[in-house]
Amino acid sequence: MQQQRFELKYLIPESTALLVRDFVRSYLEMDEYSVGRPNYSYPVHSLYLDSHELKLYWDTINGAKNRFKLRLRYYSTNPDTPVFFEIKRRMNNCILKQRGGVRQDSVGLLLSGHLPEPEHLVSKSPNQLVAIQRFCNLMGQVHAKPRVHIFYMREAYVSDNDEVRVTMDRTGYAEPNLDFKVKTEMKSPIQSFEKDVILELKFTNRYPDWFHHLVHAFHVMQCGAAKYVESIQGIGHEKIGADIPVVEQPPRFSRSW
């Protein structure tokens, strides 16, 4: 687990994002995956899991203080690349992440309820196995299944000690994925945050002074920008195999992560 990790989100126009890019480069190095890519961005894919009643979605909507999300994070469907099973918790204002890398050919087994074993993992580290076991335990507790595939392009900058990170996410798309496998292609996705760039300021323990200068220099205001929530509201719960009471949907504004 990462201790005392914080993430602050802002929605900004592309014109401001270009100015933020120049500002951030004075303090951080470009993420290695951004180097040499068009618009300095690399593709990010996520497969979010949830219960039939969308418990994790509603926990976010209702602002539950201690909540979590279950997702698979991956960058390719190449058989030699890992798929990271991630638990993302929010405890009050603090973000805690735990994840382990899984072999591509083992993803379906684990999502269908198979108990994780060392041969399913990319790394033999005991911590990796513990992370996957915890993920599968939570998945079983809430009866979570694959629901939504989300894709976006990420521009990222990071400090040498990885305690400070700035990301800008663009071109967000989402569509249902109820299969026990990951994919990168999309057939009929909806687009979210289409007019905005999602700026995230991330830090461990101490808020950097220059973050304060950035926020004031560009007049940005912290807000919610939860990709999973926005995607569910855009797609519609009936298209992801969910069964929830018919109630008035909240406004399409994501109040939290």
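Me: Which strand holds His45?
Reply: His45 lies in strand β3, residues 42-50. Strands are DSSP runs of E with at least two residues, helices are runs of H or I with at least four, and both are numbered from the N terminus. This is a predicted model: local features need pLDDT of at least 70, side-chain atom pairs count only at pLDDT 80 or more, and totals for chains, interfaces and linings use all residues. Residues are numbered from 1 along each chain as its sequence is written, and side-chain values use heavy atoms, with hydrogens and water left out.

Me: Why is His45 called buried?
Reply: Buried means under 20% relative accessible area, exposed means over 50%, and partly exposed is in between (1.4 Å probe, protein chains only). His45 has 5%, so it is buried.

Me: What makes the pairing of the His45 and His149 side chains a polar contact?
Reply: The definition asks for a pair of N or O atoms within 3.5 Å; within protein, one must be able to donate a hydrogen and the other to accept it, and residues adjacent in sequence count only if both atoms are side-chain atoms. The side chains of His45 and His149 make such a contact at 2.9 Å.

Me: Which residues is His45 in contact with, leaving aside neighbours within four places in sequence?
Reply: Contact means heavy atoms within 4.5 Å. Among the partners of His45 are Leu72, Tyr74, His149, Phe151 and Lys183.

Me: How many bridges join β8 to β10, and how many to β9?
Reply: β10 (residues 197-204) runs antiparallel to β8, with 6 bridges. Val164 faces Phe203 in β10. β9 (residues 190-192) is also antiparallel to β8, over 3 bridges. There, Ala174 stands opposite Ile190.

Me: What makes helix α6 largely enclosed?
Reply: 8 of the 9 residues of α6 (residues 227-235) are buried, so the rest of the structure largely encloses it. Those buried include Tyr228, Val229, Ile232 and Ile235. Gly236 follows α6, with a positive phi near 100 degrees.

Me: How do you know that the radius of gyration agrees with a compact globule?
Reply: The radius is taken over C-alpha atoms, and the rule is 2.2 Å times the number of residues to the power 0.38. For 257 residues the rule gives a value near 18 Å; the protein has 18 Å, so the two agree.

How values were computed: Two strands pair if DSSP finds at least two bridges between them.
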